[in-house]
Amino acid sequence: MSLLKNFLIENSDITSKESEVAVSSRFKDEKGNLLKFKIRPMTSDEFGKYQKACTTLNLAGKKRSTQFDSAKFNLMVVVNHSIDPNFKEADLIKQLGVQTPEQAVNKTLLAGEIVELANQITTLSGFDNDINEDIEEAKN
């Protein structure tokens with residue numbers, strides 16, 4: 001059996017790869033330590049589902065075009081892949097006085113923080129992974 005095949009078999013539970021990430025210097029405890037979000041990666045099926053939900057087809061006359069709603073995509077990623085805080089938690093939603101997890105995200109995070117958290121989740125999911133850096137490190 002090849003090393004890569006062994007690796008894939010031993011590491012087949014890709015959604016269990018959780019991480020804690022800092023999103024903004026705004027999130028600090030009483031001692032000034034950065035508070036981190038606990039996140040999980042998305043699967044290729046989840047990624048495809050979010051892409052489809054965020055893409056609209058415009059049929060204006062003879063022209064056809066697609067439009068991608070990146071803000072909606074980022075919200076879906078943050079809501080579905082944040083473990084702590086869990087924006088889907090009924091108690092959190094109630095305490096914030098909102099109706100949906102998306103409203104909870106928008107009420108508690110600044111626009112740039114939403115983008116940064118979504119970027120951290122997509123990076124954990126294998127996007128923006130600079131393989132060239134890993135190759136250089138392996139050479140040394």
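**Start of α3.** I began where α3 starts: a side-chain oxygen of aspartate 69 comes to within 3.3 Å of the backbone nitrogen of alanine 71. I'm working with a predicted model, where local features need pLDDT of at least 70, side-chain atom pairs count only at pLDDT 80 or more, and totals for chains, interfaces and linings use all residues. Residues are numbered from 1 along each chain as its sequence is written, and side-chain values use heavy atoms, with hydrogens and water left out.

**Length of α3.** Helices (H or I, at least four residues) and strands (E, at least two) are DSSP runs numbered from the N terminus.

**What covers α3.** I listed its buried residues, among them Phe73, Leu75, Val78 and His81. Buried means under 20% relative accessible area, exposed over 50%, partly exposed in between (1.4 Å probe, protein chains only). The cover over them includes β2, α2, β4, β5, α5 and α6.

**Core.** Which residues touch the most other members of the largest nonpolar core? Of its 26 residues, they are Phe37, Val105, Leu109 and Leu117. Such a core is a set of buried Ala, Val, Leu, Ile, Met, Phe, Trp, Tyr and Cys residues joined through side-chain atoms within 4.5 Å. α3 gives the most to this core, with six residues. I then looked up valine 105: leaving aside neighbours within four places in sequence, it is in contact (heavy atoms within 4.5 Å) with Leu75, Val78, Val79, Phe87 and Ile114.

**Rings.** I found five aromatic pairs in the structure. Rings of Phe, Tyr and Trp (its six-membered ring) pair if their centres lie within 6.5 Å; planes under 30 degrees apart count as stacked, over 60 as edge-to-face and the rest as tilted. Phenylalanine 27 and phenylalanine 37 are edge-to-face, because their planes stand at 85°, with centres 5.3 Å apart. Phenylalanine 27 counts as buried at 16% relative accessibility, and phenylalanine 37 does at 6%. Tyrosine 50 and phenylalanine 73 are another edge-to-face pair, 6.4 Å centre to centre and 75° between planes. Tyrosine 50 sits in α2 and phenylalanine 73 in α3, so this pair ties together parts 23 residues apart in sequence.

**Glutamate 46.** My last stop was in helix α2, where glutamate 46 lies. Glutamate 46 is buried, with a relative accessible area of 18%. It touches Arg40, Pro41 and His81, not counting residues up to four places away in sequence.

Methods:
Polar contact = N/O pair within 3.5 Å; in protein donor to acceptor, adjacent residues only side chain to side chain.
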